[in-house]
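Hi there,

I'm passing this structure on to you, as promised.

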Amino acid sequence: MSTKIRLSRHGRKGRPFYHVVIADSRAPRDGRYIEKVGTYDPNTNPATIDLNFDRALYWLQVGAQPTDTAKRILSYKGVLMKKHLLEGVKKGAFDAAAAEAKFEAWMKEKDAKVQAKISKLAQEGDAAAKVRLEAEAKVRAAKEEVIAKKRAEAEAAAAAKKAEEEAAAAPAEETAPVAETAAETEAEAPAAE
C-alpha cells in the first residue's frame, strides 16, 4: 500500500480549511484516511499550520510520500529538515547532538523570520489605518468648512433681509410723521388767517 501525506479539504465555499492526513494513494481526496497529523488554514496571514511533528516525521521515515503542498507545509514546520539531519546521523556524517543543535538553530532562525513577518504586517496595518484616519479627517474638515460657509451665507442673507425690512419699515414710519405734521400745519394755517 502506497501512503501519501496530503491535504483533505474542509470549510465552506471560498473559505477553505485543510486537514493534513496520511492516506492510501488510491483513496479519494476527502475520503478515508489512516491518520490526521495536522491542520492548515490558508485564510490567515501568515497561514496557520498546526502539525503533530513526531507523527509526521514517523510517517516520512516509514516511506509516506508528501504531495507538493504537503511537502511545503512539512518544510515550513521543519519536519523535512529533521528527517534530513536524522539521515545524516544514520550515515555517520555527524552525531545526534550536533544534529539536534543544527535543528534548534534552524528553528530559532525560522521563528525569528515568522515573528518579523507578523510584526511587519501589524505595522503595515497600523500605518494603513493611520493614513485612512488622516484622509477621513481631511474629508471631514472639508465638509465642515463647506457647511460653515453655507451657514455664514445663510446668516448673511438673513441679516440682509432683516436690514432691508428694517430699512423699509423706517422710511414708512418717517413718511407717516411728515404727513401728520403737514396735516397739522395745514390745520394751523387756516386758523391763523
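This is a predicted model: local features need pLDDT of at least 70, side-chain atom pairs count only at pLDDT 80 or more; totals for chains, interfaces and linings use all residues.

The core first. The largest nonpolar core has 18 residues, and those touching the most other members are Ile 5, Val 20, Tyr 40, Leu 51, Leu 74 and Val 79. Two or more residues each come from β1 (3–12), β2 (15–24), β3 (35–41), β4 (48–51), α1 (53–61) and α2 (68–77). The biggest contribution is from α1, which gives four residues.

Apart from neighbours within four places in sequence, Leu 74 contacts Ile 5, Leu 51, Ala 56, Leu 60, Pro 66, Val 79 and Leu 80.

Next, the helix pair. The axes of α1 and α3 (residues 79–91) come within 10 Å and cross at roughly 55 degrees, so α1 counts as oblique to α3. Their crossing is right-handed. On the α1 side, Phe 53, Ala 56, Leu 57, Leu 60 and Gln 61 make the contact, while α3 brings Val 79, Leu 80, Lys 82, Lys 83 and Leu 86. Sorted by class, that contact has seven nonpolar residues, one polar and two charged.

Most peptide bonds are trans. The bond joining Asn 45 and Pro 46, however, is cis, with omega at about -5 degrees. Pro 46 sits in the loop between β3 and β4.

Best wishes

How values were computed
Residues are numbered from 1 along each chain as its sequence is written. Side-chain values use heavy atoms; hydrogens and water are left out. A nonpolar core is a set of buried Ala, Val, Leu, Ile, Met, Phe, Trp, Tyr and Cys residues joined through side-chain atoms within 4.5 Å. Buried means under 20% relative accessible area, exposed over 50%, partly exposed in between (1.4 Å probe, protein chains only). Contact means heavy atoms within 4.5 Å. Axes are lines fitted to C-alpha atoms, for helices over the stretch in contact, and angles run from 0 to 180 degrees between N-to-C directions. Angles under 35 degrees count as roughly parallel, over 145 as roughly antiparallel, 65 to 115 as roughly perpendicular and the rest as oblique. A crossing is left-handed if the near helix is turned anticlockwise from the far one by less than a right angle, and right-handed if clockwise. Ala, Val, Leu, Ile, Met, Phe, Trp, Tyr, Cys and Pro count as nonpolar, Asp, Glu, Lys and Arg as charged, and the others, Gly among them, as polar.
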